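Student: I would like to learn how to read an annotated site in a model like this one. Could we go through it step by step?

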Number of protein chains: 6
Amino acid sequence: MRPSGRAPNEMRPVILEPGYAKKAEGSCFVRFGDTHVLCTASLEERTPPWLKGQGKGWVTAEYGMLPRSTNERMRREASAGKQSGRTQEIQRLIGRSLRAVVDMKALGERQITVDCDVIQADGGTRTASVTGGWVALQQCVAWMMERGMLTASPIKDNVAAISCGIYEGTPVCDLDYAEDSTADTDANFVMTGTGGIVEIQGTAEGEPFSQDELSALMGLAKDSIADLVRLQNEAAGLK
Amino acid sequence: MRPSGRAPNEMRPVILEPGYAKKAEGSCFVRFGDTHVLCTASLEERTPPWLKGQGKGWVTAEYGMLPRSTNERMRREASAGKQSGRTQEIQRLIGRSLRAVVDMKALGERQITVDCDVIQADGGTRTASVTGGWVALQQCVAWMMERGMLTASPIKDNVAAISCGIYEGTPVCDLDYAEDSTADTDANFVMTGTGGIVEIQGTAEGEPFSQDELSALMGLAKDSIADLVRLQNEAAGLK
Amino acid sequence: MRPSGRAPNEMRPVILEPGYAKKAEGSCFVRFGDTHVLCTASLEERTPPWLKGQGKGWVTAEYGMLPRSTNERMRREASAGKQSGRTQEIQRLIGRSLRAVVDMKALGERQITVDCDVIQADGGTRTASVTGGWVALQQCVAWMMERGMLTASPIKDNVAAISCGIYEGTPVCDLDYAEDSTADTDANFVMTGTGGIVEIQGTAEGEPFSQDELSALMGLAKDSIADLVRLQNEAAGLK
Amino acid sequence: MRPSGRAPNEMRPVILEPGYAKKAEGSCFVRFGDTHVLCTASLEERTPPWLKGQGKGWVTAEYGMLPRSTNERMRREASAGKQSGRTQEIQRLIGRSLRAVVDMKALGERQITVDCDVIQADGGTRTASVTGGWVALQQCVAWMMERGMLTASPIKDNVAAISCGIYEGTPVCDLDYAEDSTADTDANFVMTGTGGIVEIQGTAEGEPFSQDELSALMGLAKDSIADLVRLQNEAAGLK
Amino acid sequence: MRPSGRAPNEMRPVILEPGYAKKAEGSCFVRFGDTHVLCTASLEERTPPWLKGQGKGWVTAEYGMLPRSTNERMRREASAGKQSGRTQEIQRLIGRSLRAVVDMKALGERQITVDCDVIQADGGTRTASVTGGWVALQQCVAWMMERGMLTASPIKDNVAAISCGIYEGTPVCDLDYAEDSTADTDANFVMTGTGGIVEIQGTAEGEPFSQDELSALMGLAKDSIADLVRLQNEAAGLK
Amino acid sequence: MRPSGRAPNEMRPVILEPGYAKKAEGSCFVRFGDTHVLCTASLEERTPPWLKGQGKGWVTAEYGMLPRSTNERMRREASAGKQSGRTQEIQRLIGRSLRAVVDMKALGERQITVDCDVIQADGGTRTASVTGGWVALQQCVAWMMERGMLTASPIKDNVAAISCGIYEGTPVCDLDYAEDSTADTDANFVMTGTGGIVEIQGTAEGEPFSQDELSALMGLAKDSIADLVRLQNEAAGLK
């Protein structure tokens, strides 16, 4: 029995609220239950130095948590003077995931930075960030198309993510904090709208897991991500 | 004529939403028009090392802005590796302002950290932070009293803040970004519920200002702060 | 009764010694009693990047304290790896104050950096820095005019500063350390030679203060600053 | 055809040289072809502060690359003033992998730090580090048992790692740099001696990959890791 | 011919002004011509952690330059966020030199920090720092003896320093900046009052030098240091 | 009697293994007994900014120690966030020493960085680094000449280094760790193939030393360095 009473294949209520941030070219406030992340997409008419002159753009991501998004206040990273290893790992994952569905030539020599700031954390902040980040990115591209900066969208597909795990012996999807902190195995899946795998990260927290268990988690992830893709498209006003 | 069409003594719509952050002992989401700040109060059962053993507590504040709270994306301070001079100046001001109305002996050997994170910035983020920070602090104290950790409140008075300035020759209250960036003079006032001055910071952006102009700004500030104090008490459920 | 035996409106002996630093384009060793600050002005034929090509110059300030300028040795900021919030706040204040009296167009695309290094600290280091910094700046401009780099001075007015406060119930001017550490209210005033206010920063250390008290402090400040302006002009060989 | 001419399921020559570092309690110089990593295990009779008094030990890892281990000289991280996100991600992975096979209660209140320093890099440095790191750890435990500090080994199983990927459409094991930089999909597998999965990290570099492709890579990984485990046991003098 | 017209064995005018800094336990403002350094000695009743409980004290030094002590303004190290390699090298040299003449057992579990801050730089700042630092240290010890904290001085001997070099083929003592920047060889000598060598650092700036040249420089150094020791004792009121 | 049983003028076995690092333009793995340092030379077709356009090149050095190269594990400098003063002092010495024998005009507008990474430390790492660094540099120049980038070698002479000291009253050469940690005097000599002195750094660890003692150490150094130069030439395939 899951602490929340959810069925094994039942996600938390997911809300994707586009356009939350008035100042950004694109944004989405994403909620998976009590996990709340504000994603913004910021356009710059320049590329990173190492890409200059290649006719290609770049998409990158940054991630942060408000100090009291968690049960215990965490030290503010700006005051500590550096981003933790965990923060860097997460923002690298978000960036890779979003880049996987963008045609950089079609984007042209521009950079879009997707900031994912966790307002409240209850498990699954990185997968919520990928899912909401895609909506913000989509909004930013729509903003550019309205202004004639692009004639066709460089976004080739959706990308969304979910964390699944083995909780008290049962494979379940969309781990919340109560599950995440005690699960035996925790795996994050990033998949496209057409079902391709972009990234998979599975970790045994206690006992090692088997290939069969991994397959069971992947089955749950596929179904959840299909649902998330539908919600993304609704939020983005597509189809 | 003000860009927003407001009267010189008219504040933007102010909304104080207490309890916004589920994980914190106290919180307030404060909006002055399009300026939005999330304030949380976090209790720790320890004091800073230099206060140890003196039977007194401490209240401190930290301030941050989300990278895309502004029209142009700002560099994330955690990634830059340090807090800017402006950030430090503001968080020192918030901390001093809140400490001015707290009886540290009555608080006991504890520390309350008030985090003020700017979700959207349209001028006046530091004064909104003081105003909302007081509500978060008040909630935190109420939380402690419910649990019997305190028998009487160590908060001696309200404290709230407003920025006033001279815009196109006219003294006006509650500057928004459009006014702030062109005003000749900009002054921040921090005052108590009983009308005492806790802090005043006035700066001539263009021409120096006169003592008469300063008095006019202070008059506007007094009235605005009286309104803010009323809103604080409503939000905090105090009569 | 003030610890030093001074009258409420009596400043400490003020000595402004121009040309102290042989290597700098302008300099002033300023003493307010036992508070000693070395101010130097350094000219560079370039502007900050964000000002480039606008036909305007820039004046900025940096502030530091020798580790044993104080009663207790402080940690050296270079060794700590960063400037404290207090240091940054002060150097921002000095820079703003000096810029308020300089015509940046007339200065041309150049930067002058005023370094204020506290050799000995006995209260009022920031106001001494503004006062001495102006003399260093004035010397630097004179140096440029002698060399034909400027035909008219871009300095529009004097700027000087004083701290006043309420000590044991009495408004007094030019607080020394003994007073500063126990005063109820401490206010720094920065004013021009023609009596305009450039900056005012008042803080209640204990009880909040009233508008009347603020007016009394401002009266003291005006008189003191008039005296300081006279001393500046003498030191700079003007008039 | 692989650039090296290897068969799809053929690893590079693997050499595990235990005891390379005279000063360390345990060490192993590990070579996968031209990828060379020096792993050392250092024992300290203390735990991290957050574990104190719980009767448990800790195993952690640090990772670094010599500046000219690569084709182009990289900036030295000590001189840059921080470890890159990639470095932190890798050392976190190594630490988690090693901890998965250690009984922390049996280790007692001690910390073992496994340093993995890349002397030469030709692809697969993180998986070589896990594989060689286990031998260093094993040596350190043997060193402790010889001295009577432990009566039974806290190491519950082997752990080793390999990277597999899809190169020109074919699943292959043990990617070298030439393959790694052009492979469509790159997956790192960390498995125990008994075949349990400890960690899996798969990333689509170009096109997303399918579940079938992932299964093929896992098949290759299982066989390779079984070979590595045999080599580990030989190197460690275990039968 | 030396730029200053001095004879090869002629030092610049040396002035040692003890007690310059009112707040410190010991201090000396030292001038070698236009090179001016303020040395202060600060006593703390604690030792560095690694010395704790050994019944011994410690003497350490820190070094800094005011940004405009030089012909061109240097970046402030506190603002750059770190001390340069040169700064660290110099402060390590000063510390070692002073420790060489102190009996750490006799000092007891205390630390004395000697800060050497360069007010104006014209060559030889490190050797001036050692020479003036000894006077500050001596004053600090006298201060302790007056208060009965020590019954006998832990200072076993004088220590002073001079830089010598080969300028246009001639060995000369006490290089000033004009000489230092063009000299072929530059050597710093640190010696005791009884003529023992504490430290020698010789560097060929252009051509390598010979053992005979080194001997000639040492001869000059011995005589200069004997003079400096006499001046130290006068300044310190000894003999 | 030396701990190792060596005669006073007997160096440890010295092995210079050129070409150890496959990826670098030049390299040398140098061993002085149990002190092992990997030196690599990396060529870049650019100069430091301050040299630009002067038709001259630059040679610089960086130094690091693997965390467990020593008896006790040291903190990794990349993780500490800065290089220690000792590290900076050593890499500055290596750089100066190598530059002393290179004709920068003949090198042209290029930079060669010599990295010296200590794999195992048993005393004398800095002098081993200079000695091995020269071989790496020589290899790098040979690599350039083979490719027609240079027609004549810019290396004017050999440069090698040795540490000598006074151990239990006797002058000895090539101190190992057991001697280094207890020697009264420790001096590092850097000399050219033709016997010129490039750098000398002598430090009294306990009692000051005399000029005679320094001469005795220099005599030992001369002979040792002559031997090292012969080994360098053999390793580099010269003569």
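Student: Is A:Arg86 buried, exposed or partly exposed?

Tutor: Before that, please note that this is a predicted model, in which local features need pLDDT of at least 70 and side-chain atom pairs count only at pLDDT 80 or more, while totals for chains, interfaces and linings use all residues. Residues are numbered from 1 along each chain as its sequence is written, chains are lettered from A and ligands numbered from 1 in the order in which they are written, and side-chain values use heavy atoms, with hydrogens and water left out. Buried means under 20% relative accessible area, exposed over 50%, and partly exposed in between, with a 1.4 Å probe and protein chains only. A:Arg86 has 28% relative accessibility, so it counts as partly exposed.

Student: Which residues does A:Arg86 contact, leaving aside its neighbours within four places in sequence?

Tutor: Contact means heavy atoms within 4.5 Å. With those neighbours left aside, A:Arg86 touches A:Tyr63, A:Met65, A:Thr125, A:Arg126 and D:Arg92.

Student: Which residues does the UniProt annotation "binding site" cover?

Tutor: UniProt positions are given in the numbering used here, feature names are shortened, and annotations may be inferred rather than shown by experiment. In this unreviewed entry, the annotation covers A:Arg86, A:Gly124, A:Thr125 and A:Arg126. They are spread over 41 residues of sequence yet cluster in space, with a largest C-alpha distance of 13.4 Å.

Student: Why does A:Gly124 count as buried?

Tutor: A:Gly124 counts as buried because its relative accessibility is 18%. Leaving aside neighbours within four places in sequence, A:Gly124 is in contact with A:Arg12, A:Thr35 and A:Leu175.
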